[in-house]
Structures are given as structure tokens and as C-alpha cells.
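Work through the exercises below with the sequence and the model at hand. Each task is followed by its solution.

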Amino acid sequence: MTHDSERPADRVTRRKFLLTSGAIGAAGLAGCAGGGDEATDTPEPSGDGGSSDGSGGSSGDGSDSSDGSDGSSSSPNEPSLLTGEGSSTVYPIANKGASYWNGNAPPSDGEYWGSNDEGSVPGWSEIETDQHLADYFASQYGFEPTGERSNPPYRATIGLSHSGTGCEAVTDGLVDIGNSSGPITAELGWSEEKRDEEVVDHVLGRDGQPIVVSRDIYDAGIDQLTAEQVRKIYQDEITNWSEIGGPDQEIFCIGRAVGSGTDTSFRLNMLGDAEAEMPGVDTRQGQNQGVAQLVRQNEGAIAYMALAFTGEQVQPIALEFDGTVYQTSKDAENTIFDSSYPLNRDLHMYTKITEETPSGTDNREGAFMRMFLTQFGQRVFVEDNNYIPLPTADLEAELEKLPDTA
């Protein structure tokens, strides 16, 4: 069995980065509602929330501090474009949020925002405003509502790369928000003290990182493994499915790219060290979408990935840790959809502490993130993408990190 070498992830080198209107993305639907169990296999991007080229440059109060030459607002009196980049795991949440934000649906919509005779969006009872979607959240920070569909007070755009490059991009001032599915301390090798000096860590949801197998292996009866068996597969100590009760089939072991938050979290949670060696890996993919495609197309495959990308051909399996079996059903007593699952990890949006924004989060960023930290946001952007919503206490703690509303 041959193994690929582990190469450092590509670094962000340009201020203007290529956004993802043409990339294979994840669920960020501007024209149709995202569904929980339907956001499976390989979700596609709408392109609506992540199709504009531009970069950040926050003045700290939401006003445009640029000269308009970098793709930000062309008027000094208008708030600048809000930009984000990073993890393909966080991408379904962030990009779908940007799509909804840019759509700025009216309160009479009922499907994307507000209510009508046919129904209402989740959590509408705690909102009940006569403002459009982005207008509502932005006006809490003093931005002027437009009152127009598809014309938010400022636009948001999300780029797709890796957790490591997202962390680098925000700390280098290339984007406003760095999306990461691994902690920045592990992604950049920082201490917790440096993290607290440099950025604010916003957690908007959680992922119960599953282990998945190809359809042929699942149908052959491998619907549960122990954590120790998974460790031995990735450390090249188990190489054939017959060694653990499966068919006489060589294991095709898939990993995420080094530098991705999914890879970092897997090594931390499964192997106990973000730098742990994984000689059993046969190939690596830079994005969750690529991992899902490899699992669908190859027999004997096993992989670790984000929950949002699982499906009929990319089957998550139950895992036993220290005598407790975590099932793949949301209704099970112990489930991979719960924060107690050992491979559970936070989904981060990092903002940068600067002299202009000593609190680390400006008003544009605060308004955008507040949208996710509501019952509406947790259901539509987190849970409907197959991720785990935050409990009430955690939501309240995250809201405390945002600037005060007007």
C-alpha cells in the first residue's frame, strides 16, 4: 500500500482572493430553502452569497475606510463589503447565511424570512419585525435599512478554502472573518494567550464529525466500529476489512488535507495530537466535497468529514468509545449529533483585534453574526445543514462577544 506525503496547505498570497461562484461548494441556497436531511451528499453552492470579488478593510464602526480600489464600497459614506473565507465545513453555514443576507427578504416572505398565510420561518415568534432580513439585524447596529429585497445595507461574501488559510487570511487582514473547523491555536500553532491577544473566537455551531464508509462496505455489514479500530486503520495497523469482520477488501483510507480544520480536529480528538502521524492514509482531499466524491466512487473506502456532506452513498457509521456506542440517529440516547460525542468540534468564525476595533468585532461583523445566534439562525443555517445547534447557555455566551446593539 502506498501513501501520499503530507504537504502544508497552500497559503493565501493575494489580497483579492478568488471567490467560489465556480467552485464545488456546499449548501448556501439563495433560491431554495436548505433542508436538514436533504443537505446530504455533496451540497452545491448558490453562488449568490459568495460570488462577488472583494476584500474587507474594516474601520471598526462599519464605515468604509478604503479608497474603493480593493472591491469594497465605492462611496466613503457606505459600509464596506463584509468578507469571509476558510473552512469547507463552516462554508455551508456561512455561505447560506450570506445568501439570505444578500437576498434581504421582506417580512411577508414566509419561506426565507417573516410569515404569511402559508407559514413562517423558524423562530419568527421571537423576532416579529416589519423590516427586511438584513435590514433587521443591521439596523440594530445603526445601519440604515434599505427596505428593498436583494439590496441589504451592505453585502456579505464568503470564500472557500481551508481552516488554516481562513485563519491566516483574517489575521493578515485579508478578510473580515476567518472560518475554521479547528481551533486557531492548532491551525497556526498559537498559544491561548496569543489567540486572546489577536482574535475573537466566535462559535456559531458544532459538527459531530462522523466516520463514513463507502456503500459497499456499509452494505457488507460494517455499520459500527470502535475508536481503536479507526485509530489502527489510520495508523496502518489494519489494512483489510476482513480483519474487522468485513469483506476481503483492501481498505482505501482517505484523509483531509493537512491544514484543514477537519484534519486537525480528527487528529486531536481521535489520535490525541494535532501532529499525530497517519501512515495509513492513501490519499488526501482539500475539501469535504472531494472526500465525499472519493467515497462515492471507490470501493472499500473510509474517511472522516463533516456531517453536512454525508448521504446514502457516503454512510456515517456508529462509533464505540470506551464502551459507549454513539449512533447515527438523531433520536438515539447517545448520538453523533450531540455535544457529548467525542469527535464533536466547534465551528468557528474568527475576527481580528485591531487598534481601530479593540473589541475585535466591528458593527458589520456583529450584525451578521447576530443573525446566526438566534433561534431562526440556529435552525436554518446550523441544524438544516445537518450540524448541531448551540444550547441556550452557549448562545448567550456568544452574544456577549458581540458589540452592543444600538
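Rings of Phe, Tyr and Trp (its six-membered ring) pair if their centres lie within 6.5 Å; planes under 30 degrees apart count as stacked, over 60 as edge-to-face and the rest as tilted. The model is predicted, so local features need pLDDT of at least 70 and side-chain atom pairs pLDDT 80 or more, while totals for chains, interfaces and linings use all residues. Residues are numbered from 1 along each chain as its sequence is written, and side-chain values use heavy atoms, without hydrogens and water.

**Exercise 1.** Find how many aromatic pairs the structure holds, and describe the pair of W113 and F376.

*Solution.* The structure holds 20 aromatic pairs. In one of them, W113 and F376 lie 5.2 Å apart centre to centre with 70° between the planes, which is edge-to-face. W113 is in the loop between α1 and β2 (115-116), and F376 is in helix α11 (residues 375-382), 263 residues apart. Helices (H or I, at least four residues) and strands (E, at least two) are DSSP runs, numbered from the N terminus. Both W113 and F376 are buried (under 20% relative accessible area, 1.4 Å probe, protein chains only).

**Exercise 2.** Describe the pair of F368 and F372, and state why they are separated by about one helical turn.

*Solution.* The F368 and F372 rings are edge-to-face, 5.1 Å centre to centre and 80° between the planes. They are separated by about one helical turn because they are four residues apart in helix α10 (residues 363-372). F368 and F372 are buried.

**Exercise 3.** Locate the charged end of K194.

*Solution.* The charged end of K194 sits over the ring of W190, 4.9 Å from its centre. The criterion is NZ of Lys or CZ of Arg within 6 Å of the ring centre and within 35 degrees of the ring normal.

Conventions. Buried means under 20% relative accessible area, exposed over 50%, partly exposed in between (1.4 Å probe, protein chains only).
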